[in-house]
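Please open the model in your viewer and keep the selection panel at hand. The tour below moves from one selection to the next.

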Amino acid sequence: MSVSNLVSYDDALASYDPVMGLEVHVELGTKTKMFCGCSTELGAEPNSQVCPTCLGLPGSLPVVNAVGVESAVKIGLALNCEIAEWCRFARKNYFYPDMPKNFQTSQYDEPIAFNGYLDVQLEDGEIFRVEIERAHMEEDTGKSSHIGGATGRIHGASHSLLDYNRAGIPLIEIVTKPIEGAGARAPEVAKAYVAELRELIKALGVSEARMDKGQMRCDVNLSLRPNGTEKFGTRSETKNVNSLRSVERAARFEIMRHATVLTDGGTIVQETRHFHEEDGSTTAGRIKDNAEDYRYFPEPDLVPIAPARAWVEELRAGLPELPRVRRARLQGEWGLSDKDMQSVLNAGAVQPILDTIAAGAPADQARKWWMGELARRANETGTDLAEQPITPAQVARVTALVAEGKLNDKLARQVIEAVLAGEGEPDEVVAARGLAVVSDDSALGAAVDQAIAGNAAIADKIRDGKVAAVGALVGAVMKATRGQADAARVKDLILERLGVEAQ
Ligand SMILES: Nc1ncnc2c1ncn2[C@@H]1O[C@H](COP(=O)(O)OP(=O)(O)OP(=O)(O)O)[C@@H](O)[C@H]1O
Ligand SMILES: [Mg+2]
Ligand SMILES: [Mg+2]
């Protein structure tokens, strides 16, 4: 089903109400794997970081990684979850070559953290609460590469390669309760939730949570029910979506696909689906096992985990400032309205502004340039603000030149443009282009005299007391000096020449 054959998004929403469930897998940044001492370093020679335990060879015994458990508790606490007094691992049995043990060590009905929530802020500033069902510990699988086919998928491939370096890397799976009530904004909620969760994970320091490196990936479960009804429809589960934009697109596509099938009188099958970056579509994967097909049972080789309450409280007390709190603090420090803060967030400008302040610029100046000139450019070029070819230190230097009176805003803009164009450091641009505010009276005098002579009628008005008309003469001088004159000084000079008191 291609995107163009689907009912429109608005039509889908006119008849159906989306229910969504998000499962996010986060690879923890521990040095070693979850149940053995193998390194988790990325990029190593395939199958060079494996041992009998992560390969599940007979006779091997797993041991739990304490840092993995600690990270799980931190994530649980940051998500406002209850932390289990006692919990166990479980075997999730299935046969697939990426898991040579034929089961994945996971948690099932006894997760380490459960019943939490994460508040996310939508683009219009509204707060939407996403309820968390559980966060549990598990291990990653190996990685298969299907070779010889056109699609890189197993169908049509001539053979597959397996790399078990990833098998056994600690994962935390964070599962939401069914998200209801988002309506047309379900895709936006999905994106905002994953974005907020990623910020949270990064703030906790438990993972870099780079989606482009597969350190964080999201399964988007989606179903529709007729508007005004309660009972959930059948869900589809789009697996391993690996960017924020894709999460939003996958949810949107599935809403339209489900609506198309249902409108045609068809039925949705419970299945996994693959997302395709090229056109934003999804295609069927495998018919989804029900949980009972995995024959979950408690892992007999690992001891249960009983996080001591005192230790949990210690971890709670040690949590860093969480992203939402930090944003509120910065908004206060910068004196921004909700709306202005929201634009800063939407533009991805928080870090660039902070770095510019750290480099010595006043907060309002830092924000002005990143949210003005630079945001406009990022928009035009479709790039991230942080990717602009100018550093926070360079922006800070420009604001310093303005503060010193060496540049005015117009000249500062030219300097920024020149830095972006690769002409060098701000000071080099100023020197090379001869850009500097002229406030020297002798240099300005001739231009002022000319402006008065060329605009005799206006000069007369000013002499007669219409001091406000001086703006026109200042403009003429600025034009003649190609914007390099110190406007305040020019105004004083004109009034002085005309023998009028400044107001
Ligand atoms: N009918 C439904 N429509 C939309 N979302 C649903 C529906 N039923 C359940 N969900 C959501 O789908 C997700 C299911 O994830 P969960 O990990 O519980 O099970 P699973 O997908 O069967 O297991 P696995 O971890 O093997 O993928 C949850 O976020 C849940 O809230
Ligand atoms: Mg799951
Ligand atoms: Mg799932």
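Predicted model: local features only at pLDDT ≥ 70, side-chain atom pairs only at ≥ 80, totals over all residues.

Residues are numbered from 1 along each chain as its sequence is written, chains are lettered from A and ligands numbered from 1 in the order in which they are written, and side-chain values use heavy atoms, with hydrogens and water left out.

Donors here are N, O and S atoms within 2.8 Å of the metal (3.2 Å for Na, K and Ca), and since water is not among the atoms, sites may look incomplete. Glu-23 belongs to strand S1 (residues 16-27) and Glu-237 to strand S11 (residues 236-241), 214 residues apart; strands (E, at least two residues) and helices (H or I, at least four) are DSSP runs numbered from the N terminus. Glu-23 also bridges to the magnesium ion (ligand 2), which lies 3.6 Å from ligand 3. Glu-23 is buried, with a relative accessible area of 13%, and Glu-237 is buried at 1%, where buried means under 20%, exposed over 50% and partly exposed in between (1.4 Å probe, protein chains only).

Next, select ligand 1 and the 21 residues around it, among which Glu-23, Lys-92, Thr-176, Ser-223 and Glu-237 come nearest; a residue is included if one of its heavy atoms lies within 4 Å. S1 gives the most to this shell, with five residues. An oxygen atom of ligand 1 is 3.0 Å from an N or O atom in the side chain of Glu-23, and an oxygen atom of the ligand is 3.1 Å from a polar backbone atom of Pro-178.

Now return to Glu-237, whose side chain meets that of Lys-239 in a salt bridge (2.9 Å, N to O), a term for a side-chain nitrogen of Lys or Arg within 4 Å of a carboxyl oxygen of Asp or Glu. Lys-239 is partly exposed, at 25% relative accessible area.

Finally, select Glu-196 and Arg-327, which form a salt bridge with the closest N and O atoms 3.1 Å apart. This pair links helix H3 (residues 186-204), which holds Glu-196, to helix H6 (residues 323-334), which holds Arg-327, across 131 residues. Glu-196 is buried at 8% relative accessibility, and Arg-327 is buried at 14%.

Note on methods
Polar contact = N/O pair within 3.5 Å; in protein donor to acceptor, adjacent residues only side chain to side chain.
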